[in-house]
Each structure stands twice: as structure tokens, then as C-alpha cells.
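Have the structure open while you read.

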Amino acid sequence: MPDAPGLELIRGEIEQDHPGAILDTSFDRGQATLVVDSEQVLEVLRWLCDAPGQGYRFLSSLHAADYLPATPRFAVHYELLNRNRVERLRVKALLADPSAGPVTAGDPPPPPVAKASSGVGSPTAPPAEGLPEIDSCVELFPTADFQEREVFDFFGIVFRGHPDLTRILLPEDYVGWPQRRDFPVGGEPVTFTYNERQYG
Amino acid sequence: MRDRQLRARDMLRGDLEGEELERYVEEKVVVTRFEEMLNWSRANSMFPLSFGLACCAIEGIPMSAVTARYDIARFGAEAGRASPRQADMIILSGRVSIKMAPVVRRLYDQMLEPKWAISMGACSSSGGMFSNYAVVQGADKFMPIDVHIPGCPPRPEAVLYGFTKLQRKIMGNPDQGWRQRYNAAGTEEWARGGPASTPSPEAVEAYEVARELARA
Amino acid sequence: MADGLSSPLSAPPAVETEVMTINIGPHHPATHGVLRLVVDLEGEVVRDLKPVIGYVHTGIEKSCEDKSYWKVIPFVERMDYVSFFFQMEAFCGAVERLVDLEIPPRAKYLRMIFLELNRIHSHLVWLGTTALDLGAISMLWYCFRERERILDLFEMATGQRMHTRYFQVGGVIEDIPVGFEEKLRKFIADMPVRVGQYEALLDRNEVFLQRTKGTGIVPRERLLELGVTGPLLRAAGEPWDMRKTFDYLAYPEMDFKIPVGTVGDNYDRYRVRLAEIVESVRIVEQSLDALPEGPFIADDRKYVLPPRSELPTSMESLIHHFKLVTEGYRVAPGEVYYAIESPRGELGCFVLADGSAKPARVHFRDPSFINLQAFKDMAVDTYVADMIVSLGMLDPILGGVDR
């Protein structure tokens, strides 16, 4: 793992090449994280992969998380690994929920990230509306193919430029994004004689 | 031993007569109905579908229960069939997801009559611990199940026990469990289709069977 | 395949043939579960291939969000149902990093013993089923004979054959029982001999050699691009093993080797896995010899249940017990990615805590899921029969793929 000063050095170097790409850094529980502007995540990943002295060429895992009450609601995490130095680095791209756009825009402090991502829109294809979008990194890391489809399947995050962005684990005709925090867990309550009238 | 062999030879030759012949027939011949004999042979030569869904598949028919320590061949069900058209028993070993349920139903429909189904493990019996959006809460929502085996996953011994239960059911002598043992027929609670209404016809039928067995 | 047979693989056939799309699975005995493959065939040669997965998607990650931390452990076990201890270790290790809990040395060694036994178990299931796909049906009986012995050990220590829920956050749930060590020593004395017997059965088998040697080769660089880890990567000559590179449990103190292949074909994959069984036996033996005395679970009452004996006498213990069982412990906000080497490669667990007693997100980077992407590279332009071998040697566990 790069330590906290090392993380700041990486941040400084990326700032030189891509100003404004890094929003924040955090060093928590021994794990270094770069919080990245979702519009420039591909440039940052490419820089981390190719820049001399970095070489984070192995994408261990790509997953998303839903921080529901927070305003940039979603985040896509890239767990990068430098296999020579055995160092891990997490790149986290925050994504706002465009469908919640009008609601949050009415609030006095509108999140700037939400404005930017919804303003850029979809340059390539017009996918389903109201879904957050981010650039696909399949060209850079072919291993991200299934994982991006999984993230799309569960969170409804659209990866621009993905070759075949369809549902992967759920049935093709499934409606909804089950891993979002506002999606109910589902299942059914166990019925006994006493609560049969209630549920049955 | 030698004596018996001699008698059998005499019998075949037609030399056995009178009291001896009667004794021989009493010892050796079982008179039964054709259906019972048919069911007896069906129960003892099952062809399970070699089909696995999840965890239970490793403990169940496709793998552990077939291997040497448990050896379901002792009960005549070791010849797993890969095609549902050749099989007469399906074991649902594991959780059935909403994506898999149509496939399982189709496999079951492709099997030829008579056919039986065992639901192995908590997940396929009731959804088990996975009470969520992705798992069908009990396989009997979409197909009839004959025997449910509890466990997560059940031990191979439990699979064998459940299988012998199924055999007794095929032979026309279904176990009614503790209700029969404790003479408690009539205490069943039937899950109803809608708001507390009449039980389903199958439930009524099963109830009648249970009452009859309890009286006998 | 041998050279004389390989002509239809590369050259277009003289006769005009049509590409036929056929569907293999989800119910197919050779797909190791409910994997579905949509295959484009030209004669007998695979030209394109698309795995369709999700038939045992169980929504485990979603269910985990609804349970307190200690209740998540049995859920995550049921993902990759052949290597259950590894999921437990990944999740417990991630939570231990979240709450900054150090586990006692005895727990580390006990965990290592069970992890390596589980690795042997997983490889035995793999060997039995894969050899069965290749027609070597007797391997199934022999492998499952040894597997039953491992499961007996698991049952002796934990009470369950599979899905043992033995690891706790902070250590393991109970110490090993009397007689366990003796039985384990007998097993580890036998196991290398058994591996030799498996090799004797398969290594001189002409059919097995013909079908595995030279099939399913994917270059090392391509495997790394695809994120493949574990025995598949090691068989291609890359000595990447997280037990050596990362510092977790007490693996740095163990003396073991990383088996590495040279060609990267299916035969190498088989050799690497068999060699790994022997190395795992060595690790078990060393950790059993070095098993330190002391507590088997951390003594932090905020996260660890108090011992049963204290409950009738100590009010404080009773309160802790009640609190832990009903609500669970709260974890300060944060996120942790913790990866270990499972029998199939890098098994990572990402846990996001939001300050409550339930995790906000549990994600598993399952090696089977990632490795399955390499299957197309392994199987395209080979015969259907070789595709089945490649799938067996890939060793995907569909419960882990679909989660």
C-alpha cells in the first residue's frame, strides 16, 4: 500500500497532468483511496497504469456501492494492484443519481458533481434515462467486462463504451436495480396460523 | 441347502406333489396385485436425474451420496441419467433462483410419468435463509414435491433417509410421520390459497388418507 | 490434441459447413453446476462461445445488508460452496480490519489449518469431478474417500460437514477437541501418499494425457489482462500467490513452495493443483507443530461473545452477551477491501460500514467469476471435447460465480 505521504505525491503528479481530476484522498485503515471526478476516471486509471514509477496494471476488483443518504449517491470502486511492489490503491469515482436531480437541485446547496454529470449527458448512445453514467474501462482492463455488467445489473450504472452492457446475473427482463439501498430485500414472511390472515 | 435345491429341482420337473407341493408354494410364492409388484420394482430401481443446483449437489445424489461411503446403489438409485426423458426422479439440490425456476419446471415437465421430486435442503423447500428478491421461496410454488429433506445442507444420510421415505410412498404406504405415531390425525394446519377459506382438494385428500391410516 | 488431428482447427474445411449455434446447459452434467454456454460450432470446432450465468444468483450480497455483522458469516459461506472457509476468512478478516481487532496467534494457526484443509478438499472435489468429465470415473471414488476424511475432521471440530461457521470475528468459535490432532496427523501422513496414487492413476493414462496436454493454452499476458489468478495463472508460469505476497494470518512463517507450470495447458493446471495439495499438507503439518497455546479468540468484549462459563456469575458478561446477540456491534464508518488466496485465486471481500450494526455493502470479488472470462480464450478454436476439459480445469464454482 502507498502510505499517506505517497498518496499525496501521487495526487500531486496527477494534478499536474489532469487538473481537477482528483477530488479528495483518504488514507483509512491502511488503505489508500483516491476520490476521482467521474468524468476523468479513465484518464486517471490510464495514468496510474502507464506512468513511469506507478504501474498499477492489475485491476483486482471493480464494484460499486450505494451511499444512499449522501449526495453523490453512488461510487464505483477500482481496486488497483501493483504486482511488482505489492501495493494496492483504490480509485473511487463518485456518481450522482440523475433521477434524483430535480429534488436535489431544489435544495440550496446543489451538489456540483450531479450538475456536471447530468449536463454532459450521453455522448455515445442514449441508454435508459435517469441512470448515472461513467466511462467503461474495458479497453484498459479487459477483466472489467463481467464486473461492469454486474454493476450495471445491480446498481443501474451505465458504462459508456462497454461492448455488451446487458444484465448478467438477473433475468434479462428483470425490472429494478436490486443492490440499491432503496430496493427492498424481498422474500416473504413466514406464515403461521396466528398471522395467516395478515399475510396469507 | 442341499435339501432345498433338491426340492426346487423336483418342483421344476413336476415331481413335487400333495402336501410337499403346498408347503413349497407357501414358502416360495408371494401372491400380490400387479400394481403393487410394479410399484415395488419402481421404488427399487429409480433413475435419478443427475442434476445439481448448489451446495446440496455436493452432498446429494450427483456426488457424495453416490460415492463409496454412502452408496445409494444399495437402494437402487445410483444410475443417474443426464437426460430428463430417461429419469423418473428429480432432486432439487439447492436454492432455486427466479432465473432457474422456469428451467427446473421445464426439466420436470420433460420427465416421463410416473415421476417424483425430492426437494433437498432448506433453500429449495422454503427459500431457507435466503428470503430475498432472487430466490423462489420454496420449490413447491412451481412444481409438486413428494419429499422434503431438511438441512443446510442435509447430510448424505439424510438424503438416503428421505429417499427411503420416497420409496415407501411409491410402494403405496406413505409415512404420515409423528401424526400417525401419536394418533394425531386431524391436527394438520393447511396453508390456504386466499384469505382463510376452504383447503385445497389435495389437502382434503391427504387429510382423508391420514385419517384412514390413523384408524387402521 | 496431437498434431495429426489439429488440421480442422486452423484451416477452413474443404466442405462448405455452416456455423451452428447450440446451447449447452444450464442443466448439463459437464458444466459443473448450472452454467449455460451458447456455443457456435463449425463441425466439431468451437468458433465462438458465450457463457450465460446467473442461474444460482441468490442475492447474498443484498441479504447481507439486512443482517448484523455476525449473522453475515453463514451467508457468505454459501457463495462458493466448495471453499466455505475462505469466504469466512475473507469476511472476518475484512471486519477485523474495520474494527482494528488483532486475533490471537492460536486463532491464526487454527484458521490456517482449516483453510489449508479446505484447499485440499476443494482440489479433491475438482479432481474427482474433472476426471469424471474425462471419463476416469474411478477418480471420483478415490477423491471423495479422502474428502470424507476431511469432512470428518471438520465435523469433529465444528459440528457440521459443510458450511461450518467456525471462524468468528476475533478468532475461531471453539478450540479443537481432544483427539483432533491425532486424527489430523494421521490424515496428513496419508495424504501425500494418496496424491501419489492419483498421479499413478492419471499420469500414465494415455487418454488423459492426450486430452489435457496442449489444450486450452492462454498466454500469460492475456491471463493477467483478464484478471485471472490462482492455479490458472500459476500454471502459465506466473508465480503469483497471495499467501506469499501479502501478509495475512501466519503464512509468512510457513515454509512452502509455489508450484508453477511452464506451458499453461490443461495438463499444467492439473499438475499445479496436485502439487498444491502436497504444499497445503506441508502447511497444515507445520502449523500443527507450531500451534501456540493460548486463547483461541480475542478478548475484546465489544466484539467477541464472553465465554459461556462467565454468564451465570458475571452481570457484565451477561449484558455484553445480550447486546452482541440482539443488536450486534456497531462498526465505525469506513470501507475495507481484504483479499486472500482461495483455491481458485484472489478472493476479495469489500465491506462498507456506515456506522450501524449492519454492513452497508458486502461485495465479494469471486475468483470463479473473474476466471470465467478467460474461458472464451481457452475454448475458441478447439474441439468441443477440449472445451469440456478446459471448463473442468478452469474449475468454476457456480455458486461463487453467481453469488
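Predicted model: local features only at pLDDT ≥ 70, side-chain atom pairs only at ≥ 80, totals over all residues.

Chain C is in contact with chain B through 37 residues of its own and 34 of chain B, and its contact with chain A takes 46 residues from chain C and 40 from chain A.

**Chain B with chain C**

- Put together, chain B and chain C bury about 3,000 Å², with 63% of that on carbon and sulfur atoms.
- On chain B's side, the residues that lose the most area to chain C are Ile58(B), Arg95(B) and Met129(B), which together make up 18% of what that side buries.
- There are 5 salt bridges between chain B and chain C.
- Glu59(B) and Arg161(C) join their side chains in a salt bridge, at 2.7 Å from N to O.
- You'll also find 18 residue pairs in polar contact between chain B and chain C, counting pairs with both residues at pLDDT 80 or more.
- Two elements of chain B, helix H4 (55-59) and helix H5 (101-110), each give two or more residues to the side that touches chain C.
- H4(B) supplies the largest share of that side, with 3 residues.
- By class, the side of chain B that touches chain C has 23 nonpolar, 6 polar and 5 charged residues.

**Chain A with chain C**

- Here the two chains bury about 3,600 Å² between them, and 55% of it is on carbon and sulfur atoms.
- The salt bridge count between chain A and chain C is 7.
- Arg181(A) and Asp354(C) form a salt bridge through their side chains, at 3.6 Å from N to O.
- Polar contacts across the interface of chain A and chain C come to 23 residue pairs, again with both at pLDDT 80 or more.
- On chain A, strands S3 (58-66), S4 (74-82) and S5 (87-95) plus helix H5 (144-155) each give two or more residues to the side that touches chain C.
- S3(A) gives the most to that side, with 7 residues.
- The residues on chain A's side split into 20 nonpolar, 8 polar and 12 charged.

**The second largest pocket**

- This pocket holds about 710 Å³ of space.
- Its lining runs to 36 residues, and those nearest the centre are Pro62(B), Met63(B), Pro29(C), Thr129(C) and Leu132(C).
- H4 of chain B contributes two or more residues to the lining, as do helix H5 (105-133) and helix H6 (138-158) of chain C.
- H5(C) provides the largest share of the lining, 6 residues.
- Sorted by class, the lining has 23 nonpolar, 9 polar and 4 charged residues.

Terms used. Residues numbered from 1 in each chain as written. Chains lettered and ligands numbered in written order. Heavy atoms only, no water. Contact = heavy atoms within 4.5 Å. Buried area = accessible area lost by both parts, 1.4 Å probe. Salt bridge = Lys/Arg side-chain N within 4 Å of Asp/Glu carboxyl O. Polar contact = N/O pair within 3.5 Å; in protein donor to acceptor, adjacent residues only side chain to side chain. Helix = DSSP H or I, 4+ residues; strand = E, 2+ residues; numbered from the N terminus. Nonpolar A, V, L, I, M, F, W, Y, C, P; charged D, E, K, R; others polar. 1 Å grid on protein atoms, 1.4 Å probe; cavity = no way out; pocket = protein on both sides within 12 Å on 5 of 7 lines; lining within 4 Å. Points joined across faces, edges and corners; volume = space filled by probe spheres on them.
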